[in-house]
Amino acid sequence: MGMQVLMSSKKTVPYGLTPGSVITGKWNGSSYCIIRLIGQGANGSVFLADSAGTQVALKVCSHAADLALEYKVLVTLAKERASSPGPRPIELDDWVSRSGTLFFYAMEYIQGEQMESFITRKGQVWIGAFLLQLLGDLSDLHASGHSFGDLKAENLLISKDRCRIRLVDFGGVSQFGKAIREYTEWYDRAFWNAGNRRADIAYDLFATAQLLIKLSCPSLSVSTFANLDARRRGEALFRQLSREAVLQPWRSVINKAWTGGYSSADQMRSDIARIQQEWLNKQRKSPKLSPTQQQLAMSVKKPRRKWDWTDWSILAASFLAAAVLVKLFGT
Amino acid sequence: MMWGTTTIRQILVITDGQANVGSDPLEAASLAAANGITVNVVGIVSEGASGIDGGRQAHNIASAGGGMCRIVEMRELSGTVQMMTQKSMQMTIHQVVNRELKSIMGETEDSLPPMKRVQVAQMVDQIGEEATLQLVVAVDVSASMHSKLPRVREALRELEIGLEARSGTHEVAVIAFPGNNGQLASTVCEFSPSPDLTWLMNDLTAGGGTPTGPAIEAALRLHQERRRDLQAHIDQEEDGDASSYVV
Ligand SMILES: Nc1ncnc2c1ncn2[C@@H]1O[C@H](COP(=O)(O)OP(=O)(O)OP(=O)(O)O)[C@@H](O)[C@H]1O
């Protein structure tokens, strides 16, 4: 094998796959028509594609082995549980393109919004609710002897259909005791000198705490800390965090996750549930909250069911009644 | 197969410019490759610049050394060093596995059906996790690099963390070029699982030249000496059926 040049700059159209391009698998013969590029990462590109009328996601990559391992993880997790937190795997195949063989797998397309933008849009009150879901998923993954590894906001989608958190990018999933396969500095325990980079339960829980911080204080950036000596980074971060009022309720959880104080995702989950509950009780009593904010606060505990036609017809009827009353008794 | 004791040897060159003193770095790199040692190169560009002086050369060195090349900005250095070392190990193992597959079945990994390939990938992954890594890092300490050395040190520390997480053992040695006392390159840390990097901060008085070729040669010599030492050690223990599979 010759030199492998890793480009820093990303090409605009990866692998020349423009909308309308068709990929046909060499082994299984299925065809996929590219709809658009969804995402591009260090290990490949993800496309939305049409497969006989169904929308699927395709991950395309020029390196066969990493892709094969990632696919295998998805298959294993899908087998173990009826509803995997990740996308359902469809097939792994090769595509012989004009410029050489490329490797791809097809998976369920998760229609949703990136967690960060969801929170920005809907408010931080949702953070706790999604962390509870996430920790439930992590707990299942841990039961199978794996860390998720590369846990980060970009790898979390909020599905449109069920308002449920879903994980994508299983390239970092690592067996307990082995080296973490992929990581991102902000979420990496070793970067902050808070432990090693070996897969265990606490590694993911540390990343969850970092996610909580990132979502609560989006202006914090890893580059502020990258220039510091690793041993100073934690200290510097906590100095900044002490000024953040939004983090006040979460302080104990963050500390515990940072110091490896949780031995299971469920422990962290119940701590978050408790804090969430206390916070809600306080908010409900607080008169400062606007009605919509109060409603949002309530909705975290008990998700509001969607308005259906009955709600609308009741609303319409009451408007109508009001109009009639105004007509009758007005003037 | 006796994969448990697979040893992988690498040279990692960290530089920010064109080689301009001493022997040809391409020749040195291909000599290393011929000795089963992979040469990887990281070129550092200043913020916003599109390339470095000698970027093409960096790619060519890596190509001759059978390794990878990446041109990055300072802030990407840590991640790159770590990722390249890991990826390059996997690549070496893939090459060996492919040679074996070819000789056994007349096929390479990429021509296997996808689900068979998954099995090979899992095996390679396991070998990579358990293999012994011997790495010589050759750091350019010419004048323009001085302000960058703290970050280089940080990157090597990060690398150590990554290597520590594996189940396999590792040893890292460090060479500085140009070296002390008018030498073109000198060893500043002997092979060690956690090399002492304090020297990277202190009084480096190196002059302007960039003797990349001699640095790669010195790294190659270091590897060969280490290999001989370890071999002598094995012979001493009269381990007749040496099961080590040297890549
Ligand atoms: N099944 C899916 N459904 C919908 N969107 C997806 C799916 N898989 C991936 N994506 C989107 O594509 C992006 C890139 O995918 P992914 O993270 O798997 O690529 P990667 O090359 O591994 O990237 P990274 O460098 O982050 O590791 C994701 O952030 C996500 O937004």
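Trainee: How much accessible surface does chain A have, and what share belongs to carbon and sulfur atoms?

Mentor: Accessible areas come from the Shrake-Rupley method with a 1.4 Å probe, and for residues only the protein chains shown count as cover. For chain A the accessible surface is about 16800 Å², with 55% belonging to carbon and sulfur atoms. Keep in mind that this is a predicted model, where local features need pLDDT of at least 70, side-chain atom pairs count only at pLDDT 80 or more, and totals for chains, interfaces and linings use all residues. Residues are numbered from 1 along each chain as its sequence is written, chains are lettered from A in the order in which they are written, and side-chain values use heavy atoms, with hydrogens and water left out.

Trainee: What percentage of the residues in chain A is buried?

Mentor: Buried means under 20% relative accessible area, exposed means over 50%, and partly exposed is in between (1.4 Å probe, protein chains only). Chain A has 331 residues, and 46% of them are buried.

Trainee: Which residues have the most contacts inside the largest nonpolar core?

Mentor: A nonpolar core is a set of buried Ala, Val, Leu, Ile, Met, Phe, Trp, Tyr and Cys residues joined through side-chain atoms within 4.5 Å. The largest one here has 72 residues, and Leu134(A), Ile213(A), Leu237(A) and Met268(A) have the most contacts inside it. Domain 1 (4-108) and domain 2 (112-329) of chain A both contribute residues, so this core lies between them. Those domain bounds come from an automatic or database domain assignment.

Trainee: What is Ile213(A) in contact with, leaving aside its neighbours within four places in sequence?

Mentor: Contact means heavy atoms within 4.5 Å. For Ile213(A), the partners include Trp186(A), Leu220(A), Leu237(A) and Trp258(A).

Trainee: How much area is buried between the two domains of chain A?

Mentor: The size of an interface is often given as the accessible area lost when the parts come together. Buried area here is the accessible area (1.4 Å probe) that two parts lose on being put together, summed over both. Between domain 1 and domain 2 of chain A that comes to about 1100 Å². On the domain 1 side, Glu70(A), Leu77(A) and Pro85(A) lose the most, together 39% of what that side buries.

Trainee: And how many salt bridges lie across the interface of chain A and chain B?

Mentor: A salt bridge is a side-chain nitrogen of Lys or Arg within 4 Å of a carboxyl oxygen of Asp or Glu. The rule finds six across that interface. Asp94(A) and Arg117(B) meet in a salt bridge at 2.6 Å, N to O.
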